[in-house]
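Hello,

Here is the structure we spoke about. Please have it open while you read the notes under it.

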Amino acid sequence: MAKANFNLDKFRSTVFSQSLARTNRFEVFVVPPRGLNSVQYGELVSLLVEQASFPLLNIATKPLKIFGPTYQRPFTSEYGGEGMPITFHVDGDMRIRRFFEEWMHLIIDPIDFTVGYQEQYATNILIRQLDEQENVVYEIELLEAFPRNMNLMELNNASSNQTHRLNVLFAYRYWRAYDPLTPVEVS
């Protein structure tokens with residue numbers, strides 16, 4: 001009879017010596033696009049990130065049959081560029097909301113409804129996984145990202161102890177991973 005590959009002692013030893021990645025140990029840098037005054041918002045946008053995700057990677061396939069059973073043949077990779085949701089805490093004077101409104105108005109002008117130039121509104125977003133000592137252990141960069149959707153912010157007299165959260169859906173072209181030992185320039 002075959003023996004299982006899983007060993008509880010080995011698992012415990014690995015977890016205790018190397019730890020496991022924690023979902024609350026992360027940071028996100030939303031680099032303001034060229035068309036916005038980044039000095040006005042500074043690090044506020046990155047500081048107020050409450051929730052983010054690492055993007056998906058999907059291999060698209062087509063069925064192929066030459067002889068025998070049909071099998072799936074890869075033909076491209078898809079990086080989930082349709083949307084990356086990021087949730088932000090909203091500061092007391094609503095600067096975070098103003099930031100995204102201005103950014104979205106760079107994309108589509110609210111007066112004449114013309115579309116802006118991509119180099120003015122598209123930017124990169126860095127998402128980093130941190131360990132318990134604040135070291136970056138994994139890092140990805142969303143390339144050519146911009147806000148595609150800003151959700152409603154509900155106002156409610158019955159919610160006296162609640163704070164606003166702003167959900168923003170970012171479109172992006174693709175993403176790439178970096179070796180955490182090689183520094184990345186934040187442009």
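This is a predicted model: local features need pLDDT of at least 70, side-chain atom pairs count only at pLDDT 80 or more; totals for chains, interfaces and linings use all residues.

Residues are numbered from 1 along each chain as its sequence is written, and side-chain values use heavy atoms, with hydrogens and water left out.

Aromatic rings

The whole structure holds 11 aromatic pairs. Rings of Phe, Tyr and Trp (its six-membered ring) pair if their centres lie within 6.5 Å; planes under 30 degrees apart are stacked, over 60 edge-to-face, and the rest tilted. Phe100 and Trp103 are stacked, because their ring centres are 6.0 Å apart and their planes are at 15°. Both sit in helix H4 (residues 95–107), three residues apart, or about one helical turn. Helices (H or I, at least four residues) and strands (E, at least two) are DSSP runs numbered from the N terminus.

Phe100 also pairs with Phe170, edge-to-face, with centres 5.9 Å apart and planes at 70°. This pair links distant parts of the chain, since Phe170 is in strand E8 (residues 165–171), 70 residues from Phe100. Phe100 and Phe170 are both buried, as is Trp103. Buried means under 20% relative accessible area, exposed over 50%, and partly exposed in between (1.4 Å probe, protein chains only). Ring pairs join Phe88, Phe99, Phe100, Trp103 and Phe170 into a cluster.

Salt bridges

There are 10 salt bridges, each a side-chain nitrogen of Lys or Arg within 4 Å of a carboxyl oxygen of Asp or Glu.

- Glu134 and Arg25 meet at 2.4 Å, N to O. They are 109 residues apart, with Glu134 in the loop between strands E6 (123–130) and E7 (136–150) and Arg25 in the loop between helix H1 (8–18) and strand E1 (26–30). Glu134 is exposed at 51%, whereas Arg25 is buried at 18%.
- Glu101 and Arg97 have their closest N and O atoms 2.9 Å apart. They are four residues apart in helix H4, about one helical turn. Glu101 is partly exposed at 29%, and Arg97 is partly exposed at 24%.
- Arg173 and Glu144 have their closest N and O atoms 3.4 Å apart. Arg173 lies in the loop between E8 and strand E9 (174–178) and Glu144 in strand E7, so the bridge ties together parts 29 residues apart in sequence.

Glu27, Arg128 and Glu139 are linked in a network of salt bridges.

Regards
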